[in-house]
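Student: I would like a close look at one part of this model. Please take me through a single helix and its surroundings.

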Amino acid sequence: MARELYFISGSPPCWSVMLALEVKGLAYTPRRLDNTKREQKSPDYLAINPRGQVPTLVEDDIIVCETLAILSYLDAAIPAPPLFGSSPVETARVWQTICDCDANLRGPVGEISRPLFRGKATEVADKIKQAAETVRNELALYETALKDNDWLAGETLSAADLMVFPVIMQLLHAVGRDDAAPLQLAIHPVTEYFPNIDRWTKRLESLPGYDNAYPPHWK
Ligand SMILES: N[C@@H](CCC(=O)N[C@@H](CS)C(=O)NCC(=O)O)C(=O)O
C-alpha cells in the first residue's frame, strides 16, 4: 500500500501527524508543499483536499483530511500503542487536553510566532506582549500538570502530547529568536521559566523517529 502525507514544513498540525506515524511505526512518503508558492492551492492538491490545507494523508484511494481525523484513523487502523487512552477516563483526559490546547493555546501562540517569523516583531510588539501573558498563564497550567507526570494525559504518551508539542515548539522557536529578546516575554529560556515543560519536550525529542518528523526548514 502506498501511504503519502502532504505537509508544509513547520506546520504544527502536520508535525503532530508525522509524530503519530513514527509512534505507530508506519512508513510513508512525505509530500512537501511550498507555502510560499501556494502549492496547497494548486488544482492537483485541491482535488485531494478541497480546502487547500495540510495535513492530508493518502493511502491508495483513501484520503483523510484534518489532523485529529488522521490521528483517529491511524489509531483505529493500528491500535498499539493507543493514542486516545486505554480507559474511559484516559480518553477523557486526552480529549480534554487537546480541546484546551485548541481553545486556549494555539491561537495566542500564533499571535506571537507569526509576526516574529515574518520579522514584524517591533510593529506589533504590544499585541505580542499581550498574547505572551495569555500564553504564560497557559504554560503555567502545563507546568503544574507535568510536575508529577511524564505525559500530559495519563501514564503514557498520547495524542494529547502529539497535538500540544508542536504548538509549544513553534512558540519556543519564535521566542528564542534574537528579535524576541527586547520584548522580554519571560518564556525563553524555557529551562529557566518552565523546567517541567522543558523536560517533557526532551522526552518527546527522544522518541524513535523524532528526527524524521522534525520540520525540514528548521534543520
Ligand atoms: N483544522 C485543520 C487546520 C489545518 C491548518 O490550519 N493548516 C494550515 C497549516 S498549519 C494550512 O494548511 N495553511 C495553508 C493554507 O490555509 O493555505 C487541521 O487540523 O488539519
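Tutor: Start with the division of the chain: domain 1 covers 3-77 and domain 2 covers 88-207. These bounds come from an automatic or database domain assignment. This is a predicted model, where local features need pLDDT of at least 70, side-chain atom pairs count only at pLDDT 80 or more, and totals for chains, interfaces and linings use all residues. Residues are numbered from 1 along each chain as its sequence is written, and side-chain values use heavy atoms, with hydrogens and water left out.

Now take helix H1, residues 12-23. Helices here are DSSP runs of H or I with at least four residues, strands are runs of E with at least two, and both are numbered from the N terminus. H1 has twelve residues, and at 1.5 Å a residue they should span 16 Å. The expected span is 1.5 Å times one less than the number of residues. The end C-alpha atoms of H1 are 16 Å apart, which agrees. Just after H1, Gly25 takes a positive phi of about 70°.

Is H1 enclosed or open? Ten of its twelve residues are buried, so H1 is largely enclosed by the rest of the structure. Buried means under 20% relative accessible area, exposed means over 50%, and partly exposed lies in between (1.4 Å probe, protein chains only). Among the buried residues of H1 are Pro12, Cys14, Trp15, Met18 and Glu22. Their cover includes strand E1 (3-7), helix H3 (67-77), helix H4 (88-117), H6 and helix H9 (210-213).

Next, look at where the domains meet. The centres of domain 1 and domain 2, taken over C-alpha atoms, are 23 Å apart. Eleven residues of domain 1 are in contact with 14 residues of domain 2; contact means heavy atoms within 4.5 Å. The area buried between the domains is about 970 Å², and carbon and sulfur atoms give 83% of that. Buried area is the accessible area (1.4 Å probe) that two parts lose on being put together, summed over both. In domain 1, Pro12, Trp15 and Leu68 lose the most area to domain 2, together 46% of what that side buries.

What does H1 give to this side? H1 and H3 each supply at least two residues of the side of domain 1 that touches domain 2. H1 gives the most, with seven residues.
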